[in-house]
There are 2 protein chains.
Amino acid sequence: MSGGRVKLSDVARDAGVSPATVSRAIAQPELLSAETLARVRASALRLGYLPDGAARALASGRSMTIGAIVPTLDSAIFARALQSMQATLAQSGYLLLVASHEASSAAETQAVRALLGRGVDGLMLVGAERAPETTALLKASGLPVVLTWCGDGHFTAVTIDNALAGRLAAEHLIGLGHRRIGMIAGHLQFNDRQRARLEGARGALSDAGLSLPDSLVVEQALTLAGGRAGCAMLLELDVPPTALIGGIDLFAIGCLEEAHARGMTVPDDLSVVGIDGLDMSAHVSPGLTTVHVPTGRIGNLAAQTLMAMIARQPVDRERLLPVELVVRRSSQRLAGS
Amino acid sequence: MSGGRVKLSDVARDAGVSPATVSRAIAQPELLSAETLARVRASALRLGYLPDGAARALASGRSMTIGAIVPTLDSAIFARALQSMQATLAQSGYLLLVASHEASSAAETQAVRALLGRGVDGLMLVGAERAPETTALLKASGLPVVLTWCGDGHFTAVTIDNALAGRLAAEHLIGLGHRRIGMIAGHLQFNDRQRARLEGARGALSDAGLSLPDSLVVEQALTLAGGRAGCAMLLELDVPPTALIGGIDLFAIGCLEEAHARGMTVPDDLSVVGIDGLDMSAHVSPGLTTVHVPTGRIGNLAAQTLMAMIARQPVDRERLLPVELVVRRSSQRLAGS
DNA sequence: ACGTTTGCTGAAAGCGCTTTCATCAGAAGA
DNA sequence: TCTTCTGATGAAAGCGCTTTCAGCAAACGT
């Protein structure tokens, strides 16, 4: 069975046509007469013919494969974006080649090189910050590239306004009378999304005549445990904040847990706001106030944009998707304000 | 820049050697003299040579690519497994080509065909149940295949004992005096993991002289909202169960939320046990009692097994990983038992 | 009736690499 | 000194497909 895979020439012989015709039957069926096409298809089906992707890629220069490089797959955010990307691509016969770099720009460079070598037809990356070498590699390849979450004004991008997200979270809390607001952010190194969210929050506070001093900002690993730890640190300050912003929802949920574990009540004793809008955030208790980010849509649009670029259709240089504050129970007016 | 990518023959010319030598410098450097190797490497580096994966794949028959087909990427479970797979593979220069089938066996067949066509060197699949056509395709390809979570005694597998997981959850509750236990399971169609977990729980109850009637089992979509809905249905029965088993942790967490929303206290009014052992489960309140599944390890081992099979090394036909009950606060002895 | 299109198919030249197989020094053995 | 290895390299034949470029009918125009 496995001895001698069926190849295009076998189908050609079986159908009594030339290899060229079989090739056309696959890629450009409209060029063939109905009769020939039917005959070739019948032969292909009968023999169980499966085109060899490597050979097709080599001969045609297109691999029908898109590469995606994310910080990690093990994140609800990127997992969802990739899932919708993959689903969108699959409808057009594209496959997704994924790599992760775990917040290392060197690893990202290596991943780009690996994917470029594998002949992807397009590439999706997260964020705008990267090693100059990586950018050079990307540019030199001439391949369609789409940046997500953050754009750099250089490559095509599907983005959200991370700074606005941070700002919305902060403004919401300021509007509720909070004056002392803390923030838990992801490690800012090689993570422009978190930096922008932090700066957005800082800007909102500053505009309100307040401030977000470094003492009220803690950097944590992007996990729920990180959120708990960050919350603990902030609550143990001499003058703890009355409200907390999580750079990602996971942090905010960690705050909910940590506050609960300390016998505090959210939102009575502490207001908490997240950024992301995870499904889960609607279901924790109290329901998490968060800045919703259309994560699935980002993946979906990245896929569509990439396919359009491959087809040499014009695309928006940068597609900015809206973020939106969703108020739930975890935030409330500061008592006595 | 992008005009005319550097190819192997360019490097050969630049280094003053034959193409064969350059090829060897990449794949079997030990065959070359140190001097030649250095010269070739210098040329390759200077010219920025990047081997063409499609050409290599075509000529060598190996693509250095592994395929993975999961129900969805948008799940903490599969995302984690894929992340650890990808990380493991990347260390050996392999890339991961992913596809999802959203619980459709037809979509799985299509994905297998697509990946096979793309010339993957090995394939990871979830579960043992699939269309006969898919199995035939897999067998005919002669490719290394590793099944995960469930094995079928046919293909190599990295599994857990899903029935045992269900059993452990149920036995724990039985041991706490619960007699009326409900279960929320994922849709059982094309999901042998959920079926096995349900049957395991049923077996434990039956062994204890109890039963798990269909009226106490609800099927839900594998989301937190599904868990809440399932919990609501069960709690609204005339004689509601005193304890609930979630076929996945997400269900159990949904139960926690739903119970809370109804003013019930877990575990005083309802005991809840999950299966999976999500990170999150340790942090919700009350902490979720769950049967821990080594999800990351599954991905890791699947990758290692696949690479071993590709290298024609002997591998265990089925590697059964242990599951373990982790008791936290969400379950307690039934009052008055 | 004859030059033109038009529609369909075939021949053949690669795509960029790997991999026998052959070659040829120089080292080793007799 | 002459053969026999051994180690390093090159020549060349593909891997399985796509894609010009031609060719050849049949249909068209005048």
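Helices (H or I, at least four residues) and strands (E, at least two) are, throughout this talk, DSSP runs numbered from the N terminus. With that in place, the loop between strand E9 (271-276) and strand E10 (289-292) of chain A is where Pro286(A) sits. I will come back to that proline.

Some conventions. This is a predicted model, in which local features need pLDDT of at least 70 and side-chain atom pairs count only at pLDDT 80 or more, while totals for chains, interfaces and linings use all residues. Residues are numbered from 1 along each chain as its sequence is written, chains are lettered from A and ligands numbered from 1 in the order in which they are written, and side-chain values use heavy atoms, with hydrogens and water left out.

Chain A to begin with. Chain A holds twelve helices and twelve strands. The C-alpha trace of chain A spans about 90 × 40 × 35 Å along its principal axes. Of the 337 residues in chain A, 55% are buried. Buried means under 20% relative accessible area, exposed means over 50%, and partly exposed is in between, with a 1.4 Å probe and protein chains only.

Next, the sheet. Two strands pair if DSSP finds at least two bridges between them. On that basis there is an open sheet of twelve strands with mixed pairing, in the order E11(A)-E5(A)-E4(A)-E3(A)-E1(A)-E2(A)-E2(B)-E1(B)-E3(B)-E4(B)-E5(B)-E11(B). Which strands stand at the edges? They are E11 (318-321) of chain A and E11 (318-321) of chain B; each has a single partner strand, so one side of each is left without a neighbour in the sheet. On average, neighbouring strands of this sheet are turned by 20° against each other, direction ignored. The axes behind that angle are lines fitted to C-alpha atoms, for helices over the stretch in contact, and angles run from 0 to 180 degrees between N-to-C directions.

One pair in detail: E4 (residues 145-149) and E5 (residues 156-160), both of chain B, pair in the parallel sense over four bridges. Trp149(B) has Thr159(B) in E5(B) as its bridge partner.

A residue is near a strand or molecule if one of its heavy atoms lies within 4 Å of it. There are 24 residues around DNA strand D, and Leu8(A), Ser23(A), Tyr49(A), Thr21(B) and Thr36(B) come nearest. Of the atoms of DNA strand D that come within 4 Å of the protein, 65% belong to sugar and phosphate.

For polar contacts I use pairs of N or O atoms within 3.5 Å; within protein, one must be able to donate a hydrogen and the other to accept it, and residues adjacent in sequence count only if both atoms are side-chain atoms. An N or O atom in the side chain of Lys7(A) is 2.8 Å from a phosphate oxygen of DNA strand D. Helices H2 (19-27) and H4 (53-60) of chain A, together with H2 (19-27) and H4 (53-60) of chain B, are the elements that give two or more residues to the surface near DNA strand D. H4(A) gives the most, with four residues.

DNA strand C has 22 residues around it, of which Thr21(A), Thr36(A), Leu8(B), Ser23(B) and Tyr49(B) come nearest. Sugar and phosphate make up 63% of the atoms of DNA strand C within 4 Å of the protein. A polar side-chain atom of Ser23(B) lies 2.4 Å from a phosphate oxygen of DNA strand C, and a polar backbone atom of Leu8(B) is 2.4 Å from a phosphate oxygen of DNA strand C. For this surface H4(B) gives the most, with four residues.

Last, the backbone. Back to Pro286(A): a cis peptide bond joins Ser285(A) to this residue, with omega about -5°. In chain B, the bond from Ser285(B) to Pro286(B) is cis, with omega near -5°. Met64(A) is not a glycine, yet its phi is positive, about 55°. Met64(A) lies in the loop between H4 and strand E1 (65-70) of chain A, and counts as partly exposed at 25% relative accessibility.
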